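Biologist: Hi! I'm new to this one, could you walk me through it?

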Amino acid sequence: MRFHRRFLQGLKEEKPEKQQRIFSKHGFEAKRAGTKDRTNKAWQTKKIWWNSQPLEYHSTAYYALVERALRAKFDQNEVAKLALIATSNHPLIHDTGKPESPKTSLPAKRFIEILCWIRQEFQMQ
């Protein structure tokens, strides 16, 4: 699920050209692109950016965007899609090995909820 790291970090950048550079990064490089300054600014303003438009941090519109991005990931990656389906109805866990930051742009609970919704739809197909 590493796509979400670069996607979520990129959403914290207001300038489209910088945002695109972040979206193109991978792994730890993408995580580092979400600098403390960028994360703090997003947290303080309670805004992230998509298509040069601000979205409220943790809003319904923001979570809908994350859900669309996750669906796109599974549509483009059959292996990931089959892996999600293979979890059947087992609980999904998102554990980074450390306590979740209150500044996180996507709380683990919401991330898991979205994955479960998507998994359920795939299972019904």
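Modeller: Happy to; we'll talk about rings, strands and helices in turn. This is a predicted model, where local features need pLDDT of at least 70, side-chain atom pairs count only at pLDDT 80 or more, and totals for chains, interfaces and linings use all residues. Residues are numbered from 1 along each chain as its sequence is written, and side-chain values use heavy atoms, with hydrogens and water left out.

Biologist: How many aromatic pairs does the structure hold?

Modeller: There are 6. Rings of Phe, Tyr and Trp (its six-membered ring) pair if their centres lie within 6.5 Å; planes under 30 degrees apart are stacked, over 60 edge-to-face and the rest tilted.

Biologist: And how do phenylalanine 7 and tryptophan 50 pair?

Modeller: Edge-to-face, at 5.7 Å centre to centre with 65 degrees between the planes. The pair links distant parts of the chain, 43 residues apart: phenylalanine 7 is in helix H1 (residues 3-11) and tryptophan 50 in strand E1 (residues 47-50). Helices (H or I, at least four residues) and strands (E, at least two) are DSSP runs, numbered from the N terminus.

Biologist: Is phenylalanine 7 buried or exposed?

Modeller: Phenylalanine 7 is buried, at 11% relative accessible area, while tryptophan 50 is partly exposed at 26%. Buried means under 20%, exposed over 50%, and partly exposed in between (1.4 Å probe, protein chains only).

Biologist: Which residues do ring pairs link into a cluster?

Modeller: Phe7, Phe23 and Trp50.

Biologist: Switching to strands, what does E1 pair with?

Modeller: E1 runs antiparallel to strand E2 (residues 53-56), joined by 4 bridges; strands pair if DSSP finds at least two bridges between them. Lysine 47 has glutamate 56 in E2 as its bridge partner. The two strands form a hairpin with 2 residues between them, and asparagine 51 in the turn has a positive phi of about 50 degrees.

Biologist: Now helices: at what angle do H6 and H7 pack?

Modeller: Helix H6 (residues 78-86) and helix H7 (residues 108-124) pack at about 90 degrees, with axes 9 Å apart. That makes H6 roughly perpendicular to H7, a label for angles of 65 to 115 degrees; under 35 is roughly parallel, over 145 roughly antiparallel and the rest oblique. Axes are lines fitted to C-alpha atoms, for helices over the stretch in contact, and angles run from 0 to 180 degrees between N-to-C directions.

Biologist: Which residues meet there?

Modeller: Lys81, Leu84 and Ile85 in H6 meet Leu115, Ile118, Arg119, Phe122 and Gln123 in H7, with contact meaning heavy atoms within 4.5 Å.
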